[in-house]
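Look at the model first, then read on.

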2 protein chains.
Amino acid sequence: MLTGNGDTLKMFTSRAIGFVSSPYKDTGEVPKGLGAQHQADGVLKILPEFELGLTNIEGFSHLIVLWEFDRAQGFELLGTPPSDNRAHGVFATRSPRRPNPIALTIVELLRREGSELHVRGVDMLDRTPILDIKPLLSSIPVERLRRGWLAEAEARGSG
Amino acid sequence: MLTGNGDTLKMFTSRAIGFVSSPYKDTGEVPKGLGAQHQADGVLKILPEFELGLTNIEGFSHLIVLWEFDRAQGFELLGTPPSDNRAHGVFATRSPRRPNPIALTIVELLRREGSELHVRGVDMLDRTPILDIKPLLSSIPVERLRRGWLAEAEARGSG
């Protein structure tokens, strides 16, 4: 049987460590689907009480930003993403309608100004709550990546 | 002033979509620090009610697993990681003591057996709650990565 650590599971309630300042005010403005490029500049505005947690972050070129899909409603285990006309499981897509509404974006750190991180590559809406920031420490070599249905959809799209 | 989307922030309570089956029973057994290799095999056991969400995940070689540091207590904005003797901000490290106790591991998908994903590269403890799984769609070229204090600590360690 599947059980967690002990009889009761210690889960947590999310809290914002800051908010995204983004050029995108509405979902329809965010580039989506095949070949979508996320080159928009934005600012990760960290709340003053968490600024100490940014110490020495300047040395990293890329950051993993975990944020909350705060405008998504519920979840859908099977859905058809904008990049395909076939349905896929939510854990095989980046759909916002997930059991835990956590999103992930890798951004390039341009500079830090106090509690503000100026970054490139945002795909979040303006005022999105940020849950966590982690340094990107390693990368899977591109030649070792297999991208499943997405690669197939791309191949069909260009065929 | 920093504000979220609207007057009240819609945050969420985490829920487990499954649990990790890992060879590591205790924190001390997980390889840590400079040059730590995570090659251990494990199984992501997804709860039956979420199995549909795995549809077509088989085509991806690498998965991003978000999981909960369910055995960490509170958070620490400044701390000294095992890989250095200097203190760094929590958002510049992978410390488990974070404002939102969310961890991230990239694993290689070996095979799927129903609701079980057999993977390589686990660094979670046995029975760790899984929050989310996402396909790894792209990678930052290694030559573009700067790794801040970690690269410095490695250079000192080998010098």
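## Strand pairing in chain A

Strand E2(A) and strand E7 (residues 116-120) of chain A run antiparallel, joined by five bridges. Strands here are DSSP runs of at least two residues, and helices are H or I runs of at least four, numbered from the N terminus. Two strands pair if DSSP finds at least two bridges between them. Leu44(A) has Leu117(A) as its bridge partner in E7(A).

E6(A) is also joined to E7(A) by five bridges, again antiparallel. Here Leu109(A) partners Val119(A). The hairpin of E6(A) and E7(A) has two residues between the strands, and Gly114(A) takes a positive phi near 65° there.

## How the model was treated

This is a predicted model: local features need pLDDT of at least 70, side-chain atom pairs need 80 or more, and totals for chains, interfaces and linings use all residues. Residues are numbered from 1 along each chain as its sequence is written, chains are lettered from A and ligands numbered from 1 in the order written, and side-chain values use heavy atoms, without hydrogens and water.

## Where the chains meet

In chain A, 78 residues are in contact (heavy atoms within 4.5 Å) with 77 residues of chain B. The area buried between the two chains is about 7500 Å², with 61% from carbon and sulfur atoms. Buried area is the accessible area (1.4 Å probe) lost on putting two parts together, summed over both.

Four salt bridges are counted between chain A and chain B. Each needs a side-chain nitrogen of Lys or Arg within 4 Å of a carboxyl oxygen of Asp or Glu. Asp132(B) and Arg98(A) form one, at 2.7 Å, N to O.
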